[in-house]
Amino acid sequence: MLQPGALPVEAALTAAKPRIRQCPAAECDVKVLLPDGPRGVYTIVTDHRRDPSAAQTLHVDQYSGRVLVSYGWDEYGVMAKAVEQGIALHEGRRYGTANLVVMLGACLTLITLVVTGTWMWWKRRPRGRAGAPARATNRRTAYGVMAIMALLGLLFPLAGVTMVAVLLLDWLVLRRIPAAARVFG
């Protein structure tokens, strides 16, 4: 809800228009975020569909319509630029149809790996068992694998939580049920 005395959205957008870099309407999305409270500002974000370097963010005073801050590609650091380019590439927005075809190929490859991996496991597993790998007999190897998993669990916290959940499931449930212990080894 706008504060008493605040400019309407249209007036804030009109005040910011001279500072917005050229971006054809067919290739650009413009978002206007309303001020949050009496000290808030209008935030106007232009998002170029193909070129992340054309994106821009402006903050407009809600009472005077003065552009307080305008930043875009030139103000980004090296990492921010790399992330923006990576996101556009990943979403298939960067190089048009060729980029979409490459990303579709990657997607289909991953789906194929999941399906064929499951199929190969099903055909090769021992009858009546899950076919899980046996525990390592060499302690040095086992500790090395545990160290790598702990490091990955710290670097990727969601993976770490998953690993802890699986270890708890193994320790609290699977080892205490003889039929499950036979199947999962």
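Visitor: What lies over the face of Trp-122 here, and how far is it from the ring centre?

Guide: In this predicted model, Arg-125 is placed over the face of Trp-122, at 3.8 Å from the ring centre.

Visitor: And what about Trp-171, which residue lies over its face?

Guide: That residue is Arg-176, which sits over the face of Trp-171 at 5.8 Å from the ring centre. Trp-171 also belongs to a nonpolar patch on the surface, together with Val-164, Leu-168, Leu-169, Leu-172, Val-173 and Ile-177, and these residues have about 620 Å² of accessible area together.

Visitor: Where is Val-164 found?

Guide: Val-164 is part of helix α5, which covers residues 157-172, and with a relative accessible area of 48% it is partly exposed.

Visitor: Switching to charges, how many salt bridges does the structure hold?

Guide: There are three salt bridges in the structure. One of them joins Arg-94 to Asp-51, with the closest N and O atoms 3.7 Å apart.

Visitor: Which parts does that pair tie together?

Guide: Arg-94 lies in the loop between α2 and α3 (97-124), whereas Asp-51 lies in the loop between β2 (41-48) and β3 (56-61), so the bridge ties together parts that are 43 residues apart in sequence. Asp-51 itself is partly exposed, at 22% relative accessible area.

Visitor: What does Arg-93 pair with?

Guide: The side chain of Arg-93 meets that of Glu-91 in a salt bridge, at 2.6 Å from N to O. Arg-93 is partly exposed, with a relative accessible area of 21%, and Glu-91 is also partly exposed, at 45%.

Visitor: And Asp-170, what is its partner?

Guide: Asp-170 forms a salt bridge with Arg-175, where the closest N and O atoms are 3.3 Å apart. Asp-170 counts as partly exposed at 23% relative accessibility, and Arg-175 is partly exposed as well, with a value of 48%.

Visitor: Back to α2 for a moment: is Ala-88 buried or exposed?

Guide: Ala-88, which is found in helix α2 (residues 78-90), counts as buried, because its relative accessibility is 0%. Leaving aside residues up to four places away in sequence, Ala-88 touches Pro-52, Arg-93, Arg-94 and Asn-99. As for Asp-47, the C-alpha atoms of Ala-88 and Asp-47 are 11 Å apart in space, while the two residues are 41 apart in sequence.

Visitor: Last topic, how many aromatic pairs are there?

Guide: The count comes to two aromatic pairs. Among them is the tilted pair of Trp-73 and Tyr-76, at 5.7 Å centre to centre and with 50° between the planes. Trp-73 is buried, with a relative accessible area of 15%, whereas Tyr-76 counts as partly exposed at 23% relative accessibility.

Definitions and conventions:
Residues are numbered from 1 along each chain as its sequence is written. This is a predicted model: local features need pLDDT of at least 70, side-chain atom pairs count only at pLDDT 80 or more; totals for chains, interfaces and linings use all residues. Side-chain values use heavy atoms; hydrogens and water are left out. Rings of Phe, Tyr and Trp (its six-membered ring) pair if their centres lie within 6.5 Å; planes under 30 degrees apart count as stacked, over 60 as edge-to-face and the rest as tilted. Buried means under 20% relative accessible area, exposed over 50%, partly exposed in between (1.4 Å probe, protein chains only). A charge sits over a ring if NZ of Lys or CZ of Arg is within 6 Å of the ring centre and within 35 degrees of the ring normal. Patches are made of residues with over 30% relative accessible area and no salt bridge: like charges are joined within 9 Å, nonpolar side chains (Val, Leu, Ile, Met, Phe, Trp, Tyr) within 5 Å. Accessible areas come from the Shrake-Rupley method with a 1.4 Å probe; for residues, only the protein chains shown count as cover. A salt bridge is a side-chain nitrogen of Lys or Arg within 4 Å of a carboxyl oxygen of Asp or Glu. Helices (H or I, at least four residues) and strands (E, at least two) are DSSP runs, numbered from the N terminus. Contact means heavy atoms within 4.5 Å.
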